[in-house]
Amino acid sequence: MANELNVEDGEYSEPVSPTAQYLNSSVLSVCILAVLDFEIPVDDSPALGLLKDVFLPISPRFSSLMVEDEHGVKHWKKVEVKLEDHVNIPNFPSGLSPQSYDNHLSNYLSKIAMEQLPHNRPLWNIHIIKYPTSNAAGNLIFKLHHSLGDGYSLMAALLSCLQRADNPSVPLTFPSLTSAANPNLSVRGTSIFRNIPKVLRSAFNTVLDFGWSLMKSNYVEDDISLIRSGNPGVELKPVEISTMTFSLDDIRQIKTKLRVTINDVIMGIIFFGTRLYMQGGSNKLNNEHSTALVLLNTRVIREYMSAKEMHKPVAEKVWGNQFAFLHVSIPELTSLESLNPLDFVWKAQKLIQRQRNSGAVFLTARFLEWLRKFKGPEATAKYIYNTIKNSSMVVSNIIGPVERMALANHPIKSFYSMIVGEPESLTITMVSYMGKLRVAFKTEKDFIDPEKLKTFIQNAFGMMLKTAQDIA
């Protein structure tokens with residue numbers, strides 16, 4: 001492999017990208033947890049062989065350290081990997097009920113979420129859970145540092161380890177990522193002069209959104225609320241990780257009736273349920289100013305590539321961290337009596353579409369590059385830290401396969417992921433798989449009640465589905 005290092009010659013393999021440096025700095029150390037729920041008990045005997053023969057070859061970064069040379073420039077340095085150091089098999093009390101093991105797994109996830117990965121070895125670990133919970137006969141947990149790659153890259157890495165359970169020789173398939181064209185945005189057959197207002201509006205929104213992004217990252221914090229504690233060092237506080245599941249068929253019913261995208265419906269459900277939770281049982285509207293940072297994949301491609309394809313020169317460095325934050329204000333409740341829950345879907349669609357269509361993401365990327373050149377990567381990491389800290393929640397959405405997957409003949413019932421280490425009281429991630437949407441929550445412990453939050457989001461979903469079904 002061209003980028004690999006000969007361990008004996010002491011050379012570096014490849015430079016560390018700016019984004020990877022920001023995510024592994026003195027102010028930010030962000031990781032991703034990926035949790036696989038198996039349908040059968042876990043046999044850990046093939047683990048080391050799979051890691052050596054399947055996992056490590058996916059990317060040279062899985063066998064590399066992030067090191068700094070005498071000029072202060074960071075590189076990925078190829079090293080010999082001691083696989084035994086990366087495999088963890090915890091011991092829980094034996095003979096307990098699945099519900100009791102739910103608590104043990106939850107506590108274990110909270111524990112490893114808070115632990116820092118050692119920097120004297122490659123930045124990943126796996127954890128094998130050999131106890132049955134309510135959701136699975138056993139679990140495999142990947143913990144990977146975000147500097148290795150973003151959700152898209154690490155999903156591609158995960159998929160490179162997995163096969164279709166029914167026919168391993170046939171590749172996994174995914175729902176289409178291509179959305180239908182919006183007729184309102186089409187310019188075919190129209191005079192250029194008719195599009196001038198759209199161009200001017202887009203330019204105005206770009207300046208406005210970029211200016212607001214600068215203000216949010218430097219001066220303007222979200223209000224303290226039931227989803228944002230504002231505690232200093234919140235990224236160091238204990239967390240809880242929990243999940244819930246929705247039927248994609250039900251979500252599609254809402255999508256079809258409203259003529260929006262599945263993502264619009266999902267964001268509407270999350271925003272509506274979160275606002276209901278923020279009411280705290282009060283009959284008075286509590287519309288604190290709250291912002292969600294929605295992660296946006298900035299790659300041009302519209303489908304997953306294999307990890308091998310992503311490392312080819314023609315792939316133009318598809319691997320890595322290629323994402324941006326969209327600052328999306330969480331829509332406010334206008335009334336508790338005459339409430340139309342579908343308003344949140346339309347508001348979410350409008351807010352996110354406007355952000356996508358403005359050039360603020362491009363300008364922010366250029367600003368971060370300017371900041372890195374003139375003030376260094378640590379100052380840029382601090383800017384990103386403040387961007388996250390000043391908001392109320394982070395939201396990420398990943399599309400998973402349609403068919404059942406298997407790892408070493410272990411069928412996978414479900415899976416989910418979570419971002420850990422960022423300065424937020426609330427992070428929500430979503431992944432689709434086999435017609436289901438698994439929603440995961442990372443909440444600041446003893447501040448946010450995850451069960452109550454999930455109840456409000458479930459209620460929000462039920463209200464939206466019923467209202468949509470009543471539409472003629």
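What follows is a short exchange about a predicted model.

Colleague: Which residues count for local features, and how are they numbered?
Modeller: This is a predicted model, in which local features need pLDDT of at least 70, side-chain atom pairs count only at pLDDT 80 or more, and totals for chains, interfaces and linings use all residues. Side-chain values use heavy atoms, with hydrogens and water left out, and residues are numbered from 1 along each chain as its sequence is written.

Colleague: How many helices and strands does the chain have?
Modeller: Helices (H or I, at least four residues) and strands (E, at least two) are DSSP runs, numbered from the N terminus. On that basis the secondary structure comes to 12 helices and 16 strands.

Colleague: What percentage of the residues count as buried?
Modeller: Buried means under 20% relative accessible area, exposed over 50%, and partly exposed in between, with a 1.4 Å probe and protein chains only. The chain has 472 residues, and the buried share is 50%.

Colleague: Among contacts between residues at least 6 apart in sequence, what percentage join residues at least 24 apart?
Modeller: Contact means heavy atoms within 4.5 Å. Of the contacts in the chain between residues at least 6 apart, the share joining residues at least 24 apart is 77%.

Colleague: In what order do the strands of the 7-strand sheet run, and which stand at the edges?
Modeller: Two strands pair if DSSP finds at least two bridges between them. The sheet is open, its pairing is mixed, and its order is E5-E6-E7-E2-E14-E13-E8. Each edge strand has a single partner strand, so one side of each is left without a neighbour in the sheet. The edges are E5 (87–88) and E8 (163–164).

Colleague: Which residue of E7 is the bridge partner of Leu36?
Modeller: Strand E2 (residues 31–38) pairs with E7 in the antiparallel sense over 8 bridges. The E7 partner of Leu36 is Leu140.

Colleague: And which residue of E7 is the bridge partner of Trp124?
Modeller: Strand E6 (residues 124–129) runs antiparallel to E7, and 6 bridges join them. Asn125 has Lys143 as its partner in E7. For Trp124, the partner is Leu144.

Colleague: How many residues of E7 are buried?
Modeller: In a regular strand the side chains alternate between the two faces of the sheet. On one side of E7, Gly138, Leu140, Phe142 and Leu144 are all buried, as are Asn139, Ile141, Lys143 and His145 on the other. For E7 (residues 138–145), the buried count is 8 of 8.

Colleague: Which helix lies across E5 and E6, and at what angle does it run to E7?
Modeller: Axes are lines fitted to C-alpha atoms, for helices over the stretch in contact, and angles run from 0 to 180 degrees between N-to-C directions. Helix H4 (residues 151–161) lies across E2, E7, E8, E13 (405–407) and E14, at about 35° to E2. The helix across E2, E5, E6, E7 and E14 (410–420) is H3 (residues 98–114), and its angle to E7 is about 15°.

Colleague: What is the order of the 3-strand sheet, and which residue of E4 is the bridge partner of Pro15?
Modeller: This sheet is open and antiparallel, in the order E1-E4-E3. E1 and E4 (residues 74–78) pair over 2 bridges. The E4 partner of Pro15 is His75.

Colleague: At what angle do H6 and H12 pack, and which residues of H12 make the contact?
Modeller: H6 (residues 248–258) and H12 (residues 450–469) have axes 9 Å apart and an angle of about 45°. H6 contributes Asp250, Ile251, Gln253, Ile254, Lys257 and Leu258 to the contact. From H12 come Phe461, Met464, Leu465, Ala468 and Gln469.

Colleague: Is Val328 buried or exposed?
Modeller: Val328 sits in strand E11 (residues 323–329). Leaving aside neighbours within four places in sequence, its contacts include Phe271, Ser290 and Leu351. With a relative accessible area of 1%, Val328 is buried.

Colleague: How far apart are the C-alpha atoms of Val220 and Asn390?
Modeller: Val220 lies in the loop between H5 (196–218) and E9 (239–247). At 23% relative accessibility, Val220 counts as partly exposed. Not counting residues up to four places away, Val220 touches Trp212, Met215 and Asn390. Val220 and Asn390 are 170 residues apart along the chain, and their C-alpha atoms are separated by 7.0 Å.
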